[in-house]
Amino acid sequence: MDKFWIKYLPKSLRAKIEGRDYLQNVVTNTGWQLAEKVSRVAVGLIVGVWLARYLGPDQFGIFNYALAFAALFSPFASLGLEDIVVRNIVRDPSRKDETLGTAFLLSLTGGVASFVIACIAIWGLRSDDPLSQVLVAIIAAGAIFQSFDVIETWFHSQVQAKYSVFARSAAFFSCSVIKVALIVTGQPLVTFAWVAFFEVILGASGLIIAYLSQRKKLWDWRFSGKNAVSLLKDSWPLLFSGIVIIIYMRIDQVMLGEIVGTEEVGIYSVAVRLAEVWMFIPMAIFWSVYPAIIEAGRTSETLMFDRMQQLYNLMVLLAYAAAIPMTLLSHWLVGTLFGEAYVRAGLMLVFLVWANVFTSLDIARSAYLSSMNWTKIHFVTVLLGAVLNIGLNIFLIPRFGGNGAAFASLFSYWFAAHGSCFLFKPLFKTGNMMTRALLFPKIW
């Protein structure tokens with residue numbers, strides 16, 4: 001039933017894909033994720049535009065400042081375990097209950113730590129701003145329930161995205177309806193933070209239901225101290241990489257709020273929202289091909305590099321397909337959707353949408369680095385990118401505001417994904433492959 005689409009393909013293409021079960025699973029899995037993300041982006045953009053117009057740049061800026069601030073501590077909720085859990089289940093399916101149980105308890109502990117640290121940090125930074133404290137506390141509390149995201153790693157390992165798609169879609173669309181109701185009835189800003197928290201709880205509930213529907217049992221999960229040590233040993237570079245990635249992806253909004261003010265954050269957040277509209281595509285592709293990259297690495301180095309080159313090419317082609325039209329239409333798009341109050345976000349959008357080219361490449365490269373267990377190299381590259389981003393923000397934001405923050409993101413994203421490859425000998429070939437993709441992204 002999941003592969004009904006095959007009969008609609010041209011005969012020549014159908015002949016090539018019939019009998020190749022894994023390839024069919026990858027295409028089907030990607031299709032489920034793309035369908036969910038497209039509908040999510042469409043609804044999210046409509047509701048987001050409505051919310052931005054309703055709140056205005058200042059309050060919209062406060063809300064996005066709180067979201068960005070809470071996000072700085074969100075990596076503690078996952079501890080960088082996602083890729084490692086998928087890899088371990090693919091390699092040893094017989095130990096999946098031990099792997100999932102251990103990862104769940106570790107993530108639950110990390111989620112509680114994330115919430116506590118975020119609350120302490122916002123209180124220390126903005127002790128005279130009770131609204132920001134309340135918003136951050138409500139949003140950050142969702143990290144506790146993100147521990148159930150380990151269920152999604154199981155579905156990823158089985159290339160069965162549709163189950164997690166159903167769970168997350170139900171939560172998202174329910175909360176989108178609630179947001180519309182809050183806007184129509186003129187509710188205050190803090191209620192939207194509660195909706196963000198409620199969406200995490202609904203998503204976790206949906207994942208549990210989806211897992212149980214597959215005749216899997218949560219009570220079969222078991223914790224192993226030895227496995228915990230092994231998971232943390234492999235994941236700690238990914239944890240710190242996640243922290244650094246969040247810093248260099250969200251620190252711009254926090255720094256804008258502290259240096260320029262929340263109104264500039266509101267305008268900049270509009271550019272961020274439009275630029276990130278397309279980022280579901282590389283993530284959907286990544287989770288669909290990641291198990292295949294792992295298998296290729298176990299079979300042949302040549303096969304792995306062939307698949308990685310195709311992945312880099314595909315990521316760049318898709319990024320170009322989004323960046324070029326968005327560049328040409330940026331000012332018109334911002335003004336039409338969000339109104340004159342946000343029109344300055346047009347140039348910011350141009351910088352950020354081209355930054356997505358390198359974000360896509362970084363997502364693709366992480367599949368190779370994780371499969372090779374070179375997570376420490378990944379950590380160093382994103383750390384250098386984060387340091388560069390913060391330094392550029394300090395210099396550019398006081399002079400150019402949101403435009404300076406957007407350019408800092410573009411340059412630092414390029415360096416973290418592509419430029420840094422030429423600093424490490426094991427990544428020279430990867431850097432050359434990315435260059436080839438950027439100059440001539442051919443899919444064969």
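Colleague: Patches are made of residues with over 30% relative accessible area and no salt bridge, where like charges are joined within 9 Å and nonpolar side chains (Val, Leu, Ile, Met, Phe, Trp, Tyr) within 5 Å. A salt bridge, in turn, is a side-chain nitrogen of Lys or Arg within 4 Å of a carboxyl oxygen of Asp or Glu, and accessible areas come from the Shrake-Rupley method with a 1.4 Å probe, with only the protein chains shown counting as cover for residues. How much accessible area do I324, L328, L329 and W332 have together?

Modeller: This is a predicted model, in which local features need pLDDT of at least 70 and side-chain atom pairs count only at pLDDT 80 or more, whereas totals for chains, interfaces and linings use all residues. Residues are numbered from 1 along each chain as its sequence is written, and side-chain values use heavy atoms, with hydrogens and water left out. I324 is placed in helix α14 (residues 301–338) and is partly exposed at 46% relative accessible area, given that buried means under 20%, exposed over 50% and partly exposed in between (1.4 Å probe, protein chains only). I324, L328, L329 and W332 form a nonpolar patch on the surface, and their accessible area together is about 470 Å².

Colleague: What share of the accessible surface of the protein chain belongs to carbon and sulfur atoms?

Modeller: Of the 444 residues of the protein chain, 55% count as buried. The accessible surface of the protein chain comes to about 19100 Å², and the share that belongs to carbon and sulfur atoms is 68%.

Colleague: How many helices does the secondary structure of the protein chain hold?

Modeller: Helices (H or I, at least four residues) and strands (E, at least two) are DSSP runs, numbered from the N terminus. The protein chain has zero strands, and its number of helices is 18.

Colleague: Why is helix α4 described as largely enclosed by the rest of the structure, and how many of its residues are buried?

Modeller: The buried residues of α4 are D83, I84, V85, V86, R87, N88, I89 and V90. Helix α4 (residues 82–91) has 10 residues and is largely enclosed by the rest of the structure because the number of them that are buried is eight.

Colleague: Are helices α5 and α6 roughly parallel or roughly antiparallel to each other?

Modeller: Two packed helices are described by the angle between their axes and the distance between the axes; here axes are lines fitted to C-alpha atoms, for helices over the stretch in contact, and angles run from 0 to 180 degrees between N-to-C directions. In contact (heavy atoms within 4.5 Å) are F115, A118, C119, I122 and W123 of α5 with S132, Q133, V136, A137 and A140 of α6. The axes of α5 (residues 96–125) and α6 (residues 130–140) come within 9 Å and cross at roughly 170 degrees. Since angles under 35 degrees count as roughly parallel, over 145 as roughly antiparallel, 65 to 115 as roughly perpendicular and the rest as oblique, α5 and α6 are roughly antiparallel.

Colleague: How far apart in sequence are the parts that the salt bridge between E276 and R250 ties together?

Modeller: The closest N and O atoms of E276 and R250 are 3.1 Å apart. E276 lies in the loop between α12 (262–275) and α13 (280–299) and R250 in helix α11 (residues 225–259), so the pair ties together parts whose separation in sequence is 26 residues.

Colleague: Is D362, which forms a salt bridge with R365, buried or exposed?

Modeller: The side chains of D362 and R365 meet at 3.0 Å, N to O, and both residues lie in helix α15 (residues 345–371), three residues apart, about one turn of the helix. Not counting residues up to four places away in sequence, D362 touches Y248, H378, V382, A416 and A417. The relative accessibility of D362 is 8%, and D362 therefore counts as buried.
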